Amino acid sequence: MAFYALFCMACVLLVTVQGYPTAAGPASCLDLTPQHGASAQGSSSPYTLWVDTTSIKQGGMVTVTLNATAAGTTFKGFLVQARCTKCTTADTAIVPGTFAKYTASDANIITMECENDAMNSMTHTNNDVKTSATFTWTAPADWNVAEGIKFRATVVQVKVTWWTDVMSDEISVTASSTSPVSPVTALVVAAFIAVSSLFP
């Protein structure tokens, strides 16, 4: 019995120390803190989040690249989200956009669900060493244009060495040029077409 208890305890400790080698865990969703039993590094991050544009329309897409900036620097894991910069809950406001792989065959990354919102986060699928990861993000079609967006990442170099608050440039979202047609306008147009058809 004692051996069995020790075996179970060893298994629990192994899971705790290993963390989540195949993806970020759900416990990391809000504060982006990996469950590795170590604190974030206090030095400047050797990683950047690059975006291909700083202005998109509602429903528009941006390409995001997580890069190791120093020669010989790699990473094994990461978690990236779009965060609202002008919301009252900016520290925890995950923008409900949609991440996707930039290259469909990329086996190193995968979308994940946080706070019951599908595909609103991007993470790793393995603990292989990496120097970059590229993916896309599509803004909600009804996003409040008064609220800015930044991508925020936590990057794990090795199990106990990681950085948080790796931030992209801020992205502004403008209103879509496509405006919905009001029911009254649609009715007037339909009536005009109907009347016009009577006089060929």
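## Strands, ring pairs and cores

Strand β9 and strand β10 (residues 161–167) run antiparallel and are joined by five bridges. Strands here are DSSP runs (E, at least two residues), numbered from the N terminus, and two strands pair if DSSP finds at least two bridges between them. The model is predicted: local features need pLDDT of at least 70, side-chain atom pairs count only at pLDDT 80 or more, and totals for chains, interfaces and linings use all residues. Residues are numbered from 1 along each chain as its sequence is written, and side-chain values use heavy atoms, with hydrogens and water left out.

Two residues lie between β9 and β10, which form a hairpin.

Aromatic rings are the next topic. A pair of aromatic rings is described by the distance of the centres and the angle of the planes. Rings of Phe, Tyr and Trp (its six-membered ring) pair if their centres lie within 6.5 Å; planes under 30 degrees apart count as stacked, over 60 as edge-to-face and the rest as tilted. By this rule there are seven aromatic pairs. Two of them share Phe99:

| Pair | Centre to centre | Angle between planes | Type |
|---|---|---|---|
| Phe99 and Phe135 | 5.8 Å | 70° | edge-to-face |
| Phe99 and Phe151 | 6.1 Å | 65° | edge-to-face |

Phe99 in strand β5 (residues 98–101) and Phe135 in strand β8 (residues 132–138) are 36 residues apart. Phe151, in strand β9 (residues 149–158), is 52 residues apart from Phe99. Phe99 and Phe135 are both buried (under 20% relative accessible area, 1.4 Å probe, protein chains only), and Phe151 is buried as well.

A nonpolar core is a set of buried Ala, Val, Leu, Ile, Met, Phe, Trp, Tyr and Cys residues joined through side-chain atoms within 4.5 Å. Which residues of the largest nonpolar core touch the most other members? They are Phe78, Phe135, Trp137 and Phe151, out of 32 residues. Among the elements that give two or more residues to this core are β1 (47–51), β8 and β9. A second, separate core has six residues, including Cys29 and Leu79.

Conventions
Helices (H or I, at least four residues) and strands (E, at least two) are DSSP runs, numbered from the N terminus. Buried means under 20% relative accessible area, exposed over 50%, partly exposed in between (1.4 Å probe, protein chains only).
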